[in-house]
Amino acid sequence: MGFKELSVHDNRSFLTYEFEEQDKLDEKTFFTIADAKIPALLRFDYFGTIEPRYLSFETTGLSPVADLFTGVLGIKSFLLNLNSLLNSIALIKNNDIIESSLIYHPQYIYIKENLNELFMIGLPLNNELAKRESVFDFVKKIIFGAKFDANEDCSCISTIIKYIGGEDKSVEGLKEQIDNVIADIEAMEASIKKCIKCNAKIRHGAKFCAVCGTPIEEDNIDDSESHYGETTLLGLQEYGATTVLSRDMESISFPYIIRNKNNECIEIDTMEFTVGKDKNKCDYAISNNTAISRIHMQIIFANGNYYAVDLNSTNHTFINDEMLINGNKTVIKNGDRIRLADEEFVFHT
């Protein structure tokens with residue numbers, strides 16, 4: 001594709017498309033786009049009297065849609081934004097001539113003021129060699145480029161991907177799929193229980209509040225709990241996606257550690273959680289590694305923080321490769337690597 005980097009002139013930004021050798025101007029599409037009174041189509045200027053020929057699109061004050069889906073994303077807000085995009089795209093797709101010219105790429109669809117306005121590019125070209133991506137390719141590219149919040153259930157994404165990969169699909173059908181998922185999430189959210197003391201959400205099966213440390217009893221929680229926790233995009237390897245751990249949130253509550261050797265998820269369900277080799281004295285026992293001490297280390301919750309403490313182990317405990325001093329408490333945060341001898345875990349809150 002002959003798009004060039006954005007250029008700035010007099011504080012105005014422009015994206016240009018330089019004609020490639022096989023590109024021919026399609027006059028019917030050119031005038032249809034030029035005459036169409038569709039605010040969501042970016043206006044263009046055509047420079048075709050000298051080589052190289054090019055089209056210029058003004059993008060002042062606009063941001064690529066890709067920017068909306070960067071960083072760690074909540075699944076509900078992600079789907080709401082995606083559906084807003086599809087609603088805007090559906091308005092433009094009504095014209096068959098214009099539809100055939102649209103560019104579906106996260107870097108070349110633009111938004112203004114956080115989706116209040118959407119702008120697309122139509123290329124009025126006749127190029128049989130050019131493979132135009134579809135709206136479904138566009139959605140798939142956004143999904144696989146997204147990084148979802150590890151504390152939320154993303155298993156619903158596989159349902160959407162399955163629909164996109166089917167033969168009988170439409171934009172309206174895709175929107176309906178997304179609407180159904182959003183409705184399910186909202187139903188889950190309506191049943192979340194919270195700690196009475198600090199109002200933090202309480203995960204199913206938790207024995208204490210992960211924020212304030214209040215013991216979880218029936219009198220200390222509100223209503224019932226949503227089990228909307230972490231799952232991942234399993235079954236998506238055919239698209240080149242990275243498969244991450246899947247967890248059953250009926251039995252797992254936060255915080256937790258992931259054992260790298262086998263992807264086992266271990267819930268930290270006590271105020272002082274002991275890890276070592278002795279099954280009788282440890283909350284989690286590592287019986288198949290002789291480098292682990294009988295009582296190797298503890299994860300402690302106190303004053304709203306989590307700490308790792310080495311318990312005079314033979315082969316030491318490390319946080320992000322820094323060795324702990326025996327008996328000293330070291331704050332641990334979400335994503336920290338905890339290594340007991342040669343056994344590595346990742347801590348999650």
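Here is a friendly walk through this predicted model, told in questions and answers.

Visitor: What should I know about how this model is read?
Guide: Residues are numbered from 1 along each chain as its sequence is written, and side-chain values use heavy atoms, with hydrogens and water left out. The model is predicted: local features need pLDDT of at least 70, side-chain atom pairs count only at pLDDT 80 or more, and totals for chains, interfaces and linings use all residues.

Visitor: Which residues have the most contacts inside the largest nonpolar core?
Guide: A nonpolar core is a set of buried Ala, Val, Leu, Ile, Met, Phe, Trp, Tyr and Cys residues joined through side-chain atoms within 4.5 Å. Buried means under 20% relative accessible area, exposed over 50%, and partly exposed in between (1.4 Å probe, protein chains only). The largest such core has 61 residues, and those with the most contacts inside it are F78, L79, I121 and I157.

Visitor: Is L79 buried or exposed?
Guide: L79 has its place in helix α2. Contact means heavy atoms within 4.5 Å, and L79 touches C156, I157, I160, I178, V181, I182 and I185, leaving aside residues up to four places away in sequence. Its relative accessibility is 0%, so L79 counts as buried.

Visitor: How many residues apart in sequence are L79 and D179?
Guide: In space, the C-alpha atoms of L79 and D179 are 8.4 Å apart. Along the sequence, the separation of L79 and D179 is 100 residues.

Visitor: How far apart are the end C-alpha atoms of α6?
Guide: The expected span of a helix is 1.5 Å times one less than its number of residues. With 19 residues, α6 should therefore span 27 Å. The distance between its end C-alpha atoms agrees, at 27 Å.

Visitor: Which residue forms a salt bridge with E186?
Guide: A salt bridge is a side-chain nitrogen of Lys or Arg within 4 Å of a carboxyl oxygen of Asp or Glu. For E186, the closest N and O atoms of the pair are 3.4 Å apart. The pair links distant parts of the chain, 110 residues apart, with E186 in helix α6 (residues 171-189) and its partner in helix α2 (residues 75-92). That partner is K76.

Visitor: Which residues are linked with D321 in a network of salt bridges?
Guide: D321 forms a salt bridge with R339, with 3.7 Å between the closest N and O atoms. D321 lies in the loop between β16 (317-319) and β17 (322-323) and R339 in strand β19 (residues 337-340), so the pair ties together parts 18 residues apart in sequence. The side chains of R337 and E344 also meet in a salt bridge (3.9 Å, N to O). The residues linked with D321 in the network are R337, R339 and E344.

Visitor: Which residue in the turn between β10 and β11 has a positive phi?
Guide: Four bridges join strand β10 (residues 256-259) to strand β11 (residues 264-267), which run antiparallel. I258 stands opposite C265 in β11. The two strands form a hairpin with four residues between them, and the turn residue with a positive phi, about 60°, is N263.

Visitor: What is the bridge partner of Y306 in β18?
Guide: The open sheet of five strands has the order β13-β12-β14-β15-β18, with mixed pairing. β13 (284-285) and β18 (329-332) stand at the edges with a single partner strand each, so one side of each is left without a neighbour in the sheet. Strand β15 (residues 305-310) runs antiparallel to β18, joined by four bridges. The bridge partner of Y306 in β18 is I332.

Terms used: Two strands pair if DSSP finds at least two bridges between them.
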